Amino acid sequence: MKKAVAILAAVIVCLCALFSGCTPTYDKSPDQYSKIRWITYDYSFCIKPDDGCKGFYKFNDKKYNIQVTFDSSRLTAADIDNKNAELFTADWMYDKNDAGSEILYVYNIMFNKKDYKEFENNFAEHASLKKEKV
């Protein structure tokens, strides 16, 4: 019986390791592009790699000027008008849109609701940003 439980536990550990999500590696991160900007289809979120990854995030008729830093598969958006206070953090990866073009998919967005009470009603969990030539 103990042997069967040990084998079952080993199988479960192996399956967990096999199916756990590994972060894919990419040739270049979003901040390494030039002559483009990453922007959502509704123009509410923008990152300009050539400008130090500065951009903006719009929510409820308010525009936040941000600077995004990329660290491995995570990103942090800082509010540059508020002493670089953290606005949100998220994960990122590349994906393809329906036309087959590369998009920047930002997901698991966690807003700083402690310092930004207006984000209590912001339920955005992901965003798709397309490349737009500048």
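Is Lys35 buried or exposed? Lys35 is exposed, at 64% relative accessible area, where exposed means over 50%, buried under 20% and partly exposed in between, with a 1.4 Å probe and protein chains only. The legends below take up this residue again, along with several others.

**View 1. The whole chain, to get your bearings.** This is a predicted model, in which local features need pLDDT of at least 70, side-chain atom pairs count only at pLDDT 80 or more, and totals for chains, interfaces and linings use all residues. Residues are numbered from 1 along each chain as its sequence is written, and side-chain values use heavy atoms, with hydrogens and water left out. The protein chain has one helix and eight strands, in the order α-β-β-β-β-β-β-β-β; helices (H or I, at least four residues) and strands (E, at least two) are DSSP runs, numbered from the N terminus. Of its 134 residues, 34% are buried. The chain exposes about 8900 Å², with 53% supplied by carbon and sulfur atoms; accessible areas come from the Shrake-Rupley method with a 1.4 Å probe, and for residues only the protein chains shown count as cover.

View 2. The whole structure holds 17 aromatic pairs, meaning rings of Phe, Tyr and Trp (its six-membered ring) with centres within 6.5 Å; planes under 30 degrees apart count as stacked, over 60 as edge-to-face and the rest as tilted. Tyr57 belongs to strand S3 (residues 54-59), while Phe119 sits in the loop between strand S7 (102-111) and strand S8 (126-133), 62 residues apart. Tyr57 is buried at 9% relative accessible area, and Phe119 is buried at 0%.

**View 3. Tyr64 meets Tyr116.** Here the ring centres are 6.1 Å apart and the planes stand at 80 degrees, so this pair is edge-to-face. Because Tyr64 lies in strand S4 (residues 62-71) and Tyr116 in the loop between S7 and S8, the pair ties together parts 52 residues apart in sequence. Tyr64 is buried at 3% relative accessible area, and Tyr116 at 4%.

**View 4. Two lysines over rings.** Lys28 lies over the face of Tyr33, 4.4 Å from the ring centre. Lys63 does likewise over Phe56, at 4.7 Å. A charge sits over a ring if NZ of Lys or CZ of Arg is within 6 Å of the ring centre and within 35 degrees of the ring normal.

**View 5. Thr40 and its contacts.** Thr40 lies in strand S1 (residues 36-40) and is buried, with a relative accessible area of 6%. Beyond its neighbours within four places in sequence, Thr40 is in contact (heavy atoms within 4.5 Å) with Phe45, Ala127, Ser128 and Leu129.

**View 6. Positive phi at Lys35 and Asp61.** Neither residue is a glycine: Lys35 has a phi of about 60 degrees, and Asp61 one of about 65 degrees. Lys35 is placed in the loop between helix H1 (2-19) and S1. Asp61 is in the loop between S3 and S4, and is exposed at 88% relative accessible area.

**View 7. Two buried cysteines, Cys46 and Cys53.** Cys46 has 0% relative accessibility and Cys53 has 4%. The whole structure contains zero disulfides, a disulfide being a pair of cysteine sulfur atoms within 2.5 Å.
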